Amino acid sequence: MEEKKIIFSGIQPSGYFTLGNYLGAIKNWTRLQHEHNCIFCIVDMHAITVRQEPKNLRQRTYDSFVQLISCGLDPEKALLFIQSHVPAHAELAWLLNCYTYMGELNRMTQFKDKSSRHSENINAGLYTYPSLMAADILLYQTDMVPVGEDQKQHIELTRDIAIRFNNSYSPTFVVPEGYFPKAGARVMSLQEPDKKMSKSDENVNAYITLLEEPSVIMNKVKRAVTDSDNQVRYDIKNKAGISNLIDIYSSITGKSIQDVEKEFSSTGYGQFKNAVGEAVVEILSPIQKRFKELSKEKDYINQLIKEGAQKADSRSYKTLNKVMRKIGLYQVK
Ligand code: AQP
């Protein structure tokens, strides 16, 4: 029998999860957990590379864990934990920083993008974010990393760091592959459709969160920026807003882009937006119901959080010790 692949992916508690996070990541995770050895992590240490309100961060981290379970992740099937609860992540990140070049970090578009949005706080953590991400992935000897297309560059860098380390010493890390699902790979902002939908966008109309009221969802879709030609046709270059809504609708319903174009060929944008809004409301409604029920079960959720951390701790230390030994850090047996 073929061995199960090890899959790792992370998500930041930097706000409430968006439809982009769901269609680009979480929805695929719920499928992958049945087929592979999956590890999913709430990366709170990545979130603090931009300023967070402590009280909000604490609450969002808890809510993120509950949201993942509400979306269908099962702690019996996948390993779910919070990054800061497992010290090996920060430890390996430091070690890998010493094997990562500034030239490589300088090329990262996410750093350029986030530092331009947070010009008052361009900190070293934001800059070395990719080494922490490499540590997250490499600690678990990950084979595959399912992420949205926006993370392609970080995965490439993780591979380069792993190969460099393996070549400098001896094979230590599995060199992971990125896995970029086509459907929902890049959900764009509803207000600036040439930018990806982000949970930390200052304009709340740019994104839809998983916990949003149906009326708010319908309104946000209605207000989504489109164009004036009133034809539901896919053309990313000239009709980015409508193309984004087609992508969202197609990803939720499973219909092809051509079929969506056909379905709305004789209707205007108003009717199409209505259908998109309703599809979003429908897919989020069971998640919201479960979230409401589960958030009240604090003892149960905290127990799951603790168990996740314990399991991740024992798995990650194996790799960390191996790395320390190879580098030449003195260890007492
Ligand atoms: N718009 C998106 N479309 C498709 N996939 C997306 N992802 C994020 N936004 C989209 C995928 O979600 C996973 C978790 O992302 P993250 O929370 O770790 O960080 P991010 O990519 O930086 O997400 P945000 O929402 O943009 O957060 P902020 O605003 O804090 O930076 C990843 O697999 C990502 O590809």
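How many cavities of 30 Å³ or more does a search of the whole structure find? The search finds 1. The model is predicted, so local features need pLDDT of at least 70, side-chain atom pairs count only at pLDDT 80 or more, and totals for chains, interfaces and linings use all residues. Residues are numbered from 1 along each chain as its sequence is written, and side-chain values use heavy atoms, without hydrogens and water.

**View 1. Residues around the ligand.** The shell around the ligand holds 22 residues, each with a heavy atom within 4 Å of it. Ser14, Val187, Ser198, Lys199 and Ser200 come nearest. Helix H1 (19-35) and strand E1 (6-11) each supply at least two shell residues. H1 gives the largest share, 4 residues.

**View 2. Oxygen atoms of the ligand.** Aspartate 150 places a polar side-chain atom 2.8 Å from a ligand oxygen. For glutamine 12, a backbone N or O atom lies 3.0 Å from an oxygen atom of the ligand. In glutamine 151, a side-chain N or O atom is 3.4 Å from a ligand oxygen. The protein buries 98% of the 650 Å² that the ligand exposes when taken alone (Shrake-Rupley method, 1.4 Å probe).

**View 3. The largest cavity.** This cavity (a set of points on a 1 Å grid over the protein atoms alone, where a 1.4 Å probe fits but cannot get out) contains about 50 Å³ of space. Its lining (residues with an atom within 4 Å of a point) includes Leu105, Met108, Phe111 and His154. Helices H6 (109-117), H7 (124-127) and H8 (129-138) each give two or more lining residues.

Key
A polar contact is a pair of N or O atoms within 3.5 Å; within protein, one must be able to donate a hydrogen and the other to accept it, and residues adjacent in sequence count only if both atoms are side-chain atoms. On a 1 Å grid over the protein atoms alone, a cavity is a set of points where a 1.4 Å probe fits but cannot get out, and a pocket is an open set with protein on both sides within 12 Å along at least five of seven lines; lining residues have an atom within 4 Å of a point. Grid points are joined across faces, edges and corners, and a volume is the space filled by probe spheres set on the points.
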